[in-house]
Amino acid sequence: MVLQHMLWTKKANTKIAELYYHTKASVKSSKQGIKISAGGFVQFDTYFNIFLAEKWKQYTRIKEVVVRVIIDGVGTLALMGSRDRKEKSILLKEKTFCGKQEISFFVPLSNISYFYLTVKAEQETLLESGTIESARIEKNKKAVKMALVICTYNRPKEVIKNIQQIKSWNKKEKELLFDQIYIIDNGRNLKQKEIEGEQVILISNKNTGGSGGFSRGMWEAMKQEELTHVVLMDDDVLVKSETFYRTKAVLSFIKSEYQENFLGGAMFRRDTPYILHAAGEDWADGWIANPYKFTDIRKLEQVLTIAKPVETKQAYAGWWYCCIPKSHIVKNGYPMPFFLHCDDVEYALRSGKPPIYFNGIAVWHEEFENKRGSILEYYNVRNRLITNAIYKDQNRLLDAIYILCERFYATVFRYRYKDFTLSVKAVQDFLKGPKWLQQVDAEQLHQTLQRYGYQMKEVEELPEKEKQRKSVKRQVITIGRYCFPAFGRKVIRIGAPISAYTGKKKLLLVDPKIKKGFEVKKSWRETFQCIRQFEQIFWKLILQYKKSEQLWRKERK
């Protein structure tokens, strides 16, 4: 079975191309392959084309592989690698070629950390294809039957584009990538003729948020008796067929001790496609630790750095792309009805096992910095409190108080007074316990919450780029400066740090991507209202927290 295909991009000789190969030569990419100019040298020591042998040894039963390349030209094909990630790569094997031919390397994985190919072209050379295949283990291959679940809300163009691509990929493969694809339409505005087809089912659903939509898809998928895994994926991501292929390849040979672990997908930024947002995150009791955020993944040392997984007690995989074993669903049930935020965290923590990541299993997603609408404040606070109440070992009340104080600071000093009202409501609803959450109409609650916060409108003004300045000193200055009179008006990003607000009376907060935003204004009257709200909910939280926390821990299943 092919474990990994060699990949390249049509955008040759660009920064994006460095995700696939490194070269100083003139390179042209096409469907026929990658054409290297005479005298050129190309090496595939990149995120998508390196083979991390140590990961395959750790998580799968693969012990040896065969590297196959079809190449046409004159030059030398070399296999480079290292026995340790910390050591420089050395020449392992090489072969010269003249004319069109298939070249193979047999590679035992017993004493190797990683390897990759290089091509030195003496004359113009066309590299038509390359694969890394399992050797002598096909009889131990596991049967893998995957279902894909996409939850969508008012993004018809993105969903239709992704589904058309996936259907075409499914047809090309000898073995189906997905036996069934479920599109859960929370917006109820997709048409069956645009979506449905072979292996694709469209399901109109109430707007129960991401958690509700994904849960519905998982429930539908579980009706398949031969199902082994469910893949959850966002509706608006960019994804390659290789992501699905490598997912299936890993699952086909995974060791028994890891067969209940989630298989996560890395997330790259769409605005800068070579910048990583996440490849495994740690919940860290409500404060997300993301060691690989803003990592430029074009360099080999960075590829090797992120190969080390985030293996903490509270590691989780984001649902932009996450593969979940059927056995986990049977054993642990369905996700919490969180609507938005922390649903992926809670469900991963419930498994008690860290997710697994392999290079090349990835998607591209829009950046998150400016997606901070008012309604997210409610779900962010409520669901963090619930998750910590269930899974945090100690100091749960202190952590809840800290969350409340942190949100007071983050909203009031940004003049987002309505958002703090949503934070207070979130605490109130958390204290009501799990029975309230089970019985509440999620769609109706969401509509009610939308009326609480600031309403996004189209804007003509766009913010200038500002530097991210975060330090304890600046936070103290910001608090002190708040007490003095404010003047003037400023246009900033929604995700700008609090220091950007200092000294200004009015601010227009803008999401530059969609050119929408809203205006906020400093108000002492609303500040004192927030202080009174804080005092009331603070004491209520202290007096009622223990009882509510016990209910959440007791009835979480």
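A: Begin with the surface. In this predicted model, the protein exposes about 25,900 Å², and carbon and sulfur atoms supply 50% of that area.

Q: How many of the residues count as buried?

A: A residue is called buried when its relative accessible area is under 20%. By that cut-off, 56% of the 557 residues of the protein are buried.

Q: Which secondary structure elements does the protein have, and why is it called as compact as a globular protein of that length?

A: The protein has 15 helices and 26 strands. Its radius of gyration is 26 Å, close to the 24 Å that the globule rule gives for 557 residues, so the protein is as compact as a globular protein of that length. The C-alpha trace spans about 80 × 55 × 50 Å along the principal axes.

Q: What share of the contacts comes from residues 24 or more positions apart?

A: Taking contacts with a separation of 6 or more, residues 24 or more positions apart account for 76%.

Q: How far apart are the mean positions of the positive and negative charges?

A: There are 95 positive and 63 negative charges, and their mean positions are 4 Å apart.

Q: What is the strand order in the open sheet of 5 strands?

A: The order is β14-β22-β16-β17-β19, and the pairing is mixed. An edge strand pairs on one side only; here these are β14 (238-239) and β19 (295-296).

Q: In which sense do β16 and β17 pair?

A: Strand β16 (residues 266-269) runs antiparallel to strand β17 (residues 275-278), with 2 bridges. Phe268 stands opposite Leu276 in β17.

Notes. Residues numbered from 1 in each chain as written. Predicted model: local features only at pLDDT ≥ 70, side-chain atom pairs only at ≥ 80, totals over all residues. Heavy atoms only, no water. Pairing = 2+ DSSP bridges. Helix = DSSP H or I, 4+ residues; strand = E, 2+ residues; numbered from the N terminus. Rg over C-alpha atoms; globule rule 2.2 N^0.38 Å. Buried < 20%, exposed > 50% of the residue type's maximum accessible area, 1.4 Å probe, protein only. Contact = heavy atoms within 4.5 Å. Areas by Shrake-Rupley, 256 points an atom, 1.4 Å probe, with all protein chains shown as cover. Lys, Arg positive; Asp, Glu negative; His and termini not counted. Charge placed at Lys NZ, Arg CZ, Asp CG, Glu CD.
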